[in-house]
Amino acid sequence: MDYTQAEILQTVRMTEMEHLDVRTVTLGLSLRDCVRATVAETAEAVREKIERTAARLVPTVNEIGEEFGLRVANKRISLTPISLVYDRARRGEELLPLARAIDEAAGRVGVDFIGGYSALIHKGETEGTRAFVDSIPEALASTERLCSSLSLATTRAGINMDAVRRTGEIIKEMAERTREHGGLACAKFVCFANAVEDNPFVAGTFHGVGEAEAVVNVGVSGPGVVNHAVRHAPKDAPLDEMAELIKRLSFKLTRAGELVGREAARRLGLKFGIIDLSLAPTPTPGDSVGEILEALGFERAGAPGTTAALALLTDAVKKGGAMASSAVGGLSGAFIPVSEDAAMIEAAREGALTIEKLEAMTSVCSVGLDMIAVPGDTSAETIAAIIADEMAIGMMNNKTTAVRIIPAPGKKVGDIVEFGGLLGSAPVMPVNRFDPGVFIRRGGRIPAPIHSLRN
Amino acid sequence: MANEELIYRITRAVYGRLGTQADEQTVEALVMDVYRAVEPALASAADEGSSKGGKEGRADRLIVSVFGSDHPGIVAAVSQILAEARCSIIDINQTVVQGKFAMVIVADITRAGESVAALKDRFRGEGDRLGVRIYAQREDLFNAMHRI
């Protein structure tokens, strides 16, 4: 036999007991040929293209998942930023038929989410993007699967603080428009510094302008596998050995994910894009990045030292993945979405994990302040200031950072907001009560840092 | 995409036969004719390689693993399902340690009369009846995860 029983047992254990799954197979689809003179015509062209190209996506991916015995949790589509596809709107409402057409097409092909209701405004806005940004709250409130993102900063361009301020306002608006669902629309929106063009994860997925016509990107996920191994390692094993252990597992996870992605691309007759090897948690106990951190030696995630542990984890995941595949892309690191991770929820509830600690952690992991619920009376300016901090970390450190924050209407610190499914439930976390209003109202731009001048 | 190495080799062979005096355009036309004639065969061979795998683990083989408490009839029941589905057993490894039954079967599904999903449904049903867990996964997954 070509494989030992231990190897076979390890794979079976990972897929059956430790929640190893492919988090998402995301079809990246260019809409650049769908530009038309009116919104109605554009919506029709977009709807037709999505339904035609993605018709076989869901059944094909399910079939492959069955063959490998590897669950594919989500099937998604990412689109060319819609603000580029239709840049002629002058009022937000004009774009709503387009948003709804995309959502309906996503429903018809059966995907879980569709991303790309996005705009890149890190340096400035056109009249069209201004209307587009205005349309986001209602677009998200009146659709089910649509996800939206804004690029607000890059290391090369600096931070567009006018856009940051406006983002704070639209986040409040989204929360208000989905008041009965805990501000659910905010969970489908994220803003970025150094946004990546091939990220398969929602809410931030979009199909970059440098991408091919249609590609298959894959996000693999295995916090449960890493958690199990770290938990069963000796408590006195030195950290370099723990890094080695995580690296080896990451190699295996990546190889499994890439196999699924390439097979999906082959059967769909499309190009394989990238594998994103982010450790993405789910609310299922055990399948948690917070638990991995705790297993490394903390009473609770968020305790002093957590940032160092997360740095070790993120780096080991990247090293193992980089050796396993030459198509690593997307965000690739570790996600720390509070509401989607059982141990993080608990840590936040107990006060071990604060927004400030999370902010520090985002300087060493792949994303940012993710799925954080704050009190409903948090002002738009305070939210904008939280975003500005996060954008600054991304800009200065040449990395992607993001904010997905939910000012849950009517909720106070200690309340729990339920979102359901993979989005989980978020404990409302306290926010620093001092006012950053004057700073935010200044607007303008924070210039790009000196190390952006690299040519 | 054209296989440049192959075109180069065909060109050399043509010049070898016709001598260096041969008309350049004729040679070029000949080389392209030969290349186009063999290209489909090359493409399908490459496709075969990628979809079925050689050393890379095979897409047309399943690794069936069975775990549970030992009792008579497990091997018979599992192989019965494989036989009915027209899958041949390439390799089989079975042990019992302290009453715990473990078996791994490598099965060829090239001539299988049903889909992997249908086969797995039958395994699930039979597993419940026997009180064991039966998993079936494509062989190339194991290769990807455990071989560099």
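This is a predicted model: local features need pLDDT of at least 70, side-chain atom pairs count only at pLDDT 80 or more; totals for chains, interfaces and linings use all residues.
Local features need pLDDT of at least 70 and side-chain atom pairs count only at pLDDT 80 or more, while totals for chains, interfaces and linings use all residues. Residues are numbered from 1 along each chain as its sequence is written, chains are lettered from A and ligands numbered from 1 in the order in which they are written, and side-chain values use heavy atoms, without hydrogens and water.

A cavity is a set of points on a 1 Å grid over the protein atoms alone where a 1.4 Å probe fits but cannot get out; lining residues have an atom within 4 Å of a point. Points are joined across faces, edges and corners, and volume is the space filled by probe spheres set on them. Two cavities of 30 Å³ or more were found.

The largest cavity has a volume of about 280 Å³. Its lining comprises 25 residues, with V202(A), A203(A), E340(A), D370(A) and R404(A) nearest the centre. Strand 6 (189-193), strand 9 (369-375) and strand 10 (401-408) of chain A each give two or more residues to this lining. Strands (E, at least two residues) and helices (H or I, at least four) are DSSP runs numbered from the N terminus. Strand 10 of chain A provides the largest share, three residues. The lining holds 16 nonpolar, four polar and five charged residues.

The second largest cavity has a volume of about 40 Å³. Its lining includes V220(A), S250(A), L277(A) and V317(A). Helix 9 of chain A contributes the most, with three residues. Here the lining has five nonpolar, five polar and no charged residues. Nonpolar covers Ala, Val, Leu, Ile, Met, Phe, Trp, Tyr, Cys and Pro; charged covers Asp, Glu, Lys and Arg; the others, Gly among them, are polar.

Terms used: On a 1 Å grid over the protein atoms alone, a cavity is a set of points where a 1.4 Å probe fits but cannot get out, and a pocket is an open set with protein on both sides within 12 Å along at least five of seven lines; lining residues have an atom within 4 Å of a point.
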